[in-house]
Amino acid sequence: ADTPQNSDPKMAPVLETIAAISTPPGRGGIGIVRLSGPEAASMAAQLVRLQRPLEHGRARLADVLDAEGETAERIDEAVVTYFAAPNSYTADDLVEIAAHGSPVVLDLLLRRAIGLGARLAEPGEFTQRAFLAGRIDLTQAEAVRDLIDAQTLTQARQAASQMGGALSRRAAPVKQDLVELIALLEAGIDFAEDDVDVTPQQEIARRIDELAVPLSALEASFSRGRIVHDGLTLAIVGRPNAGKSSLFNRLVERERAIVTPSPGTTRDTVSERISLDGIPLELVDTAGLREAHDVAEQLGIARSREALADAALVLIVLDATQPLNEEERDLLRAVQGRPALVAMNKRDLAEARSEESAALDGVPVIATSALTGEGVAELRSRIVALASGGAASESGMLTNLRQHQAVTTALEALADAKRANESSIPHEMILLDLYRGLWALDSLTGQTTADDILQLIFSTFCIGK
Ligand code: GDP
């Protein structure tokens, strides 16, 4: 129902037919060229020789031709699927030509489509058309990109739920209530001379408070949503030989299969992206924070300190066979109040030393042995618990800064409205704040998002989506 994009006079009607190769570059079993726009079907009919005419929602076998006209030769066989407007991904006429995944064939198809008058699609332009047509909102469009970029199943699930409109559905009743409040105040103003009662101050305050409750909960969902979306960095620090690298390897071994190589590997810090219980985690194994003897070491130490400062979580690895040194005490003090864990490593060589626990004040200690694997499972689950901040997964979480900004702006506007209401200034002034809140909520779903920002968002998509 929310399709103001259609009626926005700024938006030119969609006329061009766009084309792109929607499958990733390189060879593959299948490669797909997508066409969308009013000419999609007629162009497809010239690009391939169809055995039967295109029909909405039906796949058709066809010969891919190397040129136009009678002398054209077949260079591949394809399956062509047609989706008639408005029941397609873009809401325009859409054709997908699934040929064999040969870059030569796909390039030829694309080039011929352009020869027939199609324009090369911009990144994300198919999804942008769906958005401009009002078929999906901005949070759903963002979810499409998130789904494609997902590296863990948890991320994919979250994206799929947002793609289904979970976030918009959560925001919709708040918006509805806000509109009602605005209508009440507007009525109070417009009909002040008539017999409509002006809404009493307490009633306005109550309604604003009621709006803020679900909105604050939505705002709070960002802490978890962002972790699932972006992941976290865990810095592993400690003195040389404490067992940092060994523990690092222990932590990642079960996850090897889904580990992706990270470019952050340097002489002094090694990092690896893993997924612990669906939370993407970047482990940074630092060179240690020892006293430097030469310039190279100094650089390494500086980098370790940087990694420590940047990391959301810190794992301090202590050697259970050694007493705490000054540097380790400093380290423990430095992480006070931050999410941190101590691994008391080499547990196989030494009993837990209770006399040290005072120095570890507040930082939870897990006894581990990188050698035998003892305590590693517990360490892993403690890291996950720390990473998710104890927050449970919920439906319709905020997952990026743009969404978070929209909701915090709405909350700020409500707070301003409440203050204005308390100071008994005219309702027109309260309304200004409420409209600002409404505008912010609308920007969440993209109804009031500036064109250049939209452009920026869709440019982060891949070509062909
Ligand atoms: P790092 O310098 O902190 O990265 O330490 P390493 O992981 O390279 O380990 C230093 C030495 O301690 C290596 O010889 C490891 O095999 C050994 N080591 C690491 N963890 C343990 C452990 O839990 N028990 C025992 N016995 N040896 C360990």
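## Helices α5 and α6

The crossing of α5 and α6 is left-handed. This is a predicted model. Helix α5 covers residues 138-149 and helix α6 covers residues 153-163. They pack at an angle of about 155°, and their axes lie 8 Å apart. Angles over 145 degrees count as roughly antiparallel, so α5 and α6 are roughly antiparallel to each other.

Which residues of α5 and α6 meet? From α5 come T139, Q140, A143, V144, D146 and L147. From α6 come Q155, A156, A159, A160, Q162 and M163. By class, the residues of this contact divide into seven nonpolar, four polar and one charged.

## Helices α8 and α13

Two packed helices are described by the angle between their axes and the distance between the axes. For α8 (residues 201-230) and α13 (residues 401-422), the angle is about 160° and the axes are 9 Å apart. That angle makes α8 roughly antiparallel to α13. The crossing of α8 past α13 is left-handed.

On the α8 side, the contact is made by Q201, I204, A205, I208, L211, A212, L215, S216, L218, E219 and F222. On the α13 side, H404, V407, T408, A410, L411, L414, A417, K418 and N421 take part. The residues of the contact of α8 with α13 divide into 13 nonpolar, five polar and two charged.

An α-helix has 3.6 residues a turn, so residues three or four places apart point the same way. The α8 list includes I204, I208, L211, L215 and F222.

## G225 in α8

G225 also sits in helix α8. Is G225 buried or exposed? G225 counts as buried, because it has 24 C-beta neighbours inside 10 Å, and the cut-off for buried is 20 or more.

Neighbours within four places in sequence aside, G225 is in contact with M397, L398 and T399. P25 is 200 residues from G225 along the chain. The C-alpha atoms of G225 and P25 are separated by 31 Å.

## P25 in the β1-β2 loop

P25 lies in the loop between β1 and β2. P25 counts as exposed because it has 10 C-beta neighbours inside 10 Å, and the cut-off for exposed is 12 or fewer.

How far apart in space are P25 and A72, C-alpha to C-alpha? The separation of P25 and A72 is 26 Å. In sequence they are 47 residues apart.

## Helix α3

Helix α3 runs over residues 103-115 and has 13 residues. From its first C-alpha to its last, α3 reaches 18 Å, close to the 18 Å expected at 1.5 Å a residue. Just after α3, G117 takes a positive phi of about 110°.

Which residues of α3 are buried? They are L106, L108, L109, L110, R112 and A113.

## The chain as a whole

The protein chain holds 15 helices and 13 strands. It has 465 residues, and 40% of them count as buried. G225 is one of the buried residues.

Contacts in the chain can be sorted by separation in sequence. Among those between residues at least 6 apart, 66% join residues at least 24 apart.

Key. Residues are numbered from 1 along each chain as its sequence is written. This is a predicted model: local features need pLDDT of at least 70, side-chain atom pairs count only at pLDDT 80 or more; totals for chains, interfaces and linings use all residues. Helices (H or I, at least four residues) and strands (E, at least two) are DSSP runs, numbered from the N terminus. The expected span of a helix is 1.5 Å times one less than its number of residues. Axes are lines fitted to C-alpha atoms, for helices over the stretch in contact, and angles run from 0 to 180 degrees between N-to-C directions. Angles under 35 degrees count as roughly parallel, over 145 as roughly antiparallel, 65 to 115 as roughly perpendicular and the rest as oblique. A crossing is left-handed if the near helix is turned anticlockwise from the far one by less than a right angle, and right-handed if clockwise. Two residues are in contact if their C-beta atoms, placed from the backbone, lie within 7 Å. Ala, Val, Leu, Ile, Met, Phe, Trp, Tyr, Cys and Pro count as nonpolar, Asp, Glu, Lys and Arg as charged, and the others, Gly among them, as polar.
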